[in-house]
Amino acid sequence: NHGYMVYATGNRLYGYNFRKTPQECTLLHEFDAPVTCLKADYDTSEKYLDMFYVATYDDSRERSGIVYKFQVDDNPDSMSLTQKECWDEGFLKIRSMCYKAF
């Protein structure tokens, strides 16, 4: 449904804009630690606002997990991120995320 793809390698988050001509890859954000998990928001009331979550973890420090919430701002000519929230709670390494409504 979107004209872009978001992916991570190491501590960098990239976006690939399929709608731009010529198509290009853009560095969207650089973190202090490697990315361990990406999760698009398909379940909450914000699912149509292009929200997604990124978890990072620094192996050199114990309990150094951080979770970020971003919104993708895109159009056919460009894409960028807006950081909405950050939870620096000293999480263990996060490898997957899921949402459950009660």
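A polar contact, as used on this tour, is a pair of N or O atoms within 3.5 Å; within protein, one must be able to donate a hydrogen and the other to accept it, and residues adjacent in sequence count only if both atoms are side-chain atoms. Keep that in mind for the stops below.

**Before you start**

The model is predicted, so local features need a pLDDT of at least 70 and side-chain atom pairs count only at pLDDT 80 or more, while totals for chains, interfaces and linings use all residues. Residues are numbered from 1 along each chain as its sequence is written, and side-chain values use heavy atoms, with hydrogens and water left out.

Colour the chain by pLDDT, the predictor's confidence in each residue, from 0 to 100. The protein chain averages 89, and 95% of the residues score at least 70. Confidence is lowest in strand E3 (residues 24-30), with a mean of 91, and highest in E5, at 95. The strand labels come from DSSP runs (helices H or I, at least four residues; strands E, at least two), numbered from the N terminus.

**Stop 1: Ser64**

Select Ser64, in the loop between E5 and strand E6 (65-75). Is Ser64 buried or exposed? Ser64 is buried, because its relative accessible area is 5%; buried means under 20%, exposed over 50%, and partly exposed in between (1.4 Å probe, protein chains only). Now show its side chain, which reaches the backbone oxygen of Asp58 at 2.8 Å. Setting aside residues up to four places away in sequence, Ser64 touches Thr56, Tyr57, Asp58 and Phe91, where contact means heavy atoms within 4.5 Å.

**Stop 2: Arg63**

Step back to Arg63, which also lies in the loop between E5 and E6. Arg63 is not a glycine, yet its phi is positive, at about 50°. With 46% relative accessibility, Arg63 counts as partly exposed.

**Stop 3: the loop between E4 and E5**

Select Asp50, found in the loop between E4 and E5. Here is another residue other than glycine with a positive phi, near 60°. Asp50 counts as buried, at 14% relative accessibility.

Thr44 has its place in the loop between E4 and E5 too. Which side chain does the side chain of Thr44 meet in a polar contact? The partner is the side chain of Asp41, at 2.5 Å. Thr44 is buried, with a relative accessible area of 19%.

**Stop 4: Asn75**

Move along to Asn75, in strand E6. Asn75 is partly exposed, at 33% relative accessibility. A polar atom of its side chain lies 2.9 Å from the backbone nitrogen of Ser78. Leaving out neighbours within four places in sequence, Asn75 is in contact with Asn17 and Arg19.

**Stop 5: the largest pocket**

Finish at the largest pocket, which has a volume of about 400 Å³. Fifteen is the number to look for: of the 15 lining residues, those closest to the pocket centre are His2, Tyr4, Ala40, Tyr42 and Met51. Strands E1 (4-9), E4 (35-40) and E5 (51-56) are the elements that each give two or more residues to the lining. By class, the lining has 9 nonpolar, 2 polar and 4 charged residues. Nonpolar covers Ala, Val, Leu, Ile, Met, Phe, Trp, Tyr, Cys and Pro; charged covers Asp, Glu, Lys and Arg; the others, Gly among them, count as polar. A pocket here is an open set of points on a 1 Å grid over the protein atoms alone, where a 1.4 Å probe fits, with protein on both sides within 12 Å along at least five of seven lines; lining residues have an atom within 4 Å of a point. The volume is the space filled by probe spheres set on the points, which are joined across faces, edges and corners.
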